[in-house]
Amino acid sequence: MIRVGTRGSLLATTQAATVRDAIRSLGESAELVIVATVGDKSSGPITEIGVGVFTSALRDALIAGEIDIAVHSLKDLPTAQDPRFSLVAVPERADPSDVLVSRSGLPLAELPPGSTVGTGAPRRAAQLRLARADLEIQPIRGNLDTRMRKVATAECDAIVVARAGLLRLGREQEATEVLHPAVMLPAPGQGALAVECRSDAPASLTETLAKLDHEHSRAASAAERAVLAELSAGCSGPVGALARMTGQTLRVEASVIAIDGSRSVRAHAETSVLGTELLSQEQHAVALGRRVAESLRSMGAMELIGDV
């Protein structure tokens with residue numbers, strides 16, 4: 001029996017259930033194990049508690065032998081490699097876009113001046129201010145249901161959330177607008193799941209989990225996360241990145257935005273990521289992400305990150 005560790009929110013268990021079901025489809029037994037995290041219990045802002053609280057408890061459970069694998073939202077996973085763990089699979093990624101959910105049904109460009117838009121992510125807040133300096137950005141926390149309720153109860157005129165969450169919960173019809181990347185670049189790794197196990201896990205387990213890996217999704221998310229790692233911005237920094245694969249060509253676009261929305265820098269690059277004997281597709285992708293990060297750095301990105 002493979003024990004699949006997950007946070008206890010509806011979205012987290014729904015995501016983990018897709019991994020459990022995929023394992024079962026391979027003829028293996030699997031069950032979900034709920035692991036409580038500090039992030040699920042705290043109402044503090046992400047900038048104070050850090051996104052690491054969502055992953056540390058699952059990793060502790062892995063080390064303690066309470067679970068065999070952990071399923072994370074990849075955007076919450078630290079970019080620094082921890083030798084105790086192995087990222088054995090990145091299943092096929094859902095749409096990484098952000099969406100606006102507005103009570104009036106109006107898109108972002110048509111919200112009245114002074115409208116309140118809720119988000120707990122500095123990246124989203126910065127890009128909202130860049131696009132619409134006349135809006136009031138309201139910090140919010142909580143699971144997807146809690147955040148959606150703030151629109152229904154008129155605590156916010158609108159909120160910005162990840163489209164992937166709505167898709168996985170079958171609530172995509174509640175989105176008012178899918179935000180174009182020119183307006184809102186997603187968080188690096190957004191929409192992707194990370195299947196992690198201990199680095200000393202049995203080969204039989206890692207071989208099974210490797211069958212869940214989606215090569216293009218892994219490469220795209222690796223490129224985005226390389227941008228974040230190279231800028232040392234942390235998972236909650238005002239960095240947006242999106243990598244898209246067309247055939248064997250990978251294009252990465254990324255931006256860094258001042259938290260007050262006053263300034264931003266943006267860069268892109270593309271390359272063929274056809275795997276070779278010397279370099280894997282993922283290694284090509286990481287190199288491309290680093291190149292984009294270097295372009296951003298040359299434009300003054302570190303100064304903007306330092307303003308957070």
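## The second largest pocket

On a 1 Å grid over the protein atoms alone, a pocket is an open set of points where a 1.4 Å probe fits, with protein on both sides within 12 Å along at least five of seven lines, and its lining residues have an atom within 4 Å of a point. The model is predicted, so local features need pLDDT of at least 70 and side-chain atom pairs count only at pLDDT 80 or more, while totals for chains, interfaces and linings use all residues. Residues are numbered from 1 along each chain as its sequence is written, and side-chain values use heavy atoms, with hydrogens and water left out.

The second largest pocket is lined by 23 residues, and Thr 79, Gln 81, Leu 87, Arg 225 and Glu 282 lie nearest its centre. Strand S4 (85-89), helix H9 (215-231) and helix H10 (281-298) each supply at least two lining residues, with H9 giving the most, seven residues. Because domain 1 (1-91 + 192-213) and domain 3 (215-307) both contribute to the lining, this pocket lies between them.

## The largest nonpolar core

A nonpolar core is a set of buried Ala, Val, Leu, Ile, Met, Phe, Trp, Tyr and Cys residues joined through side-chain atoms within 4.5 Å, where buried means under 20% relative accessible area (1.4 Å probe, protein chains only). The largest such core has 26 residues, and Val 227, Leu 231 and Leu 296 are among those with the most contacts inside it. Its largest share, six residues, comes from H9.

Counting contact as heavy atoms within 4.5 Å, and leaving aside residues up to four places away in sequence, Leu 296 touches residues including Val 227, Leu 231, Val 256 and Ala 301.

Note on methods
Helices (H or I, at least four residues) and strands (E, at least two) are DSSP runs, numbered from the N terminus. Domain bounds come from an automatic or database domain assignment. Buried means under 20% relative accessible area, exposed over 50%, partly exposed in between (1.4 Å probe, protein chains only).
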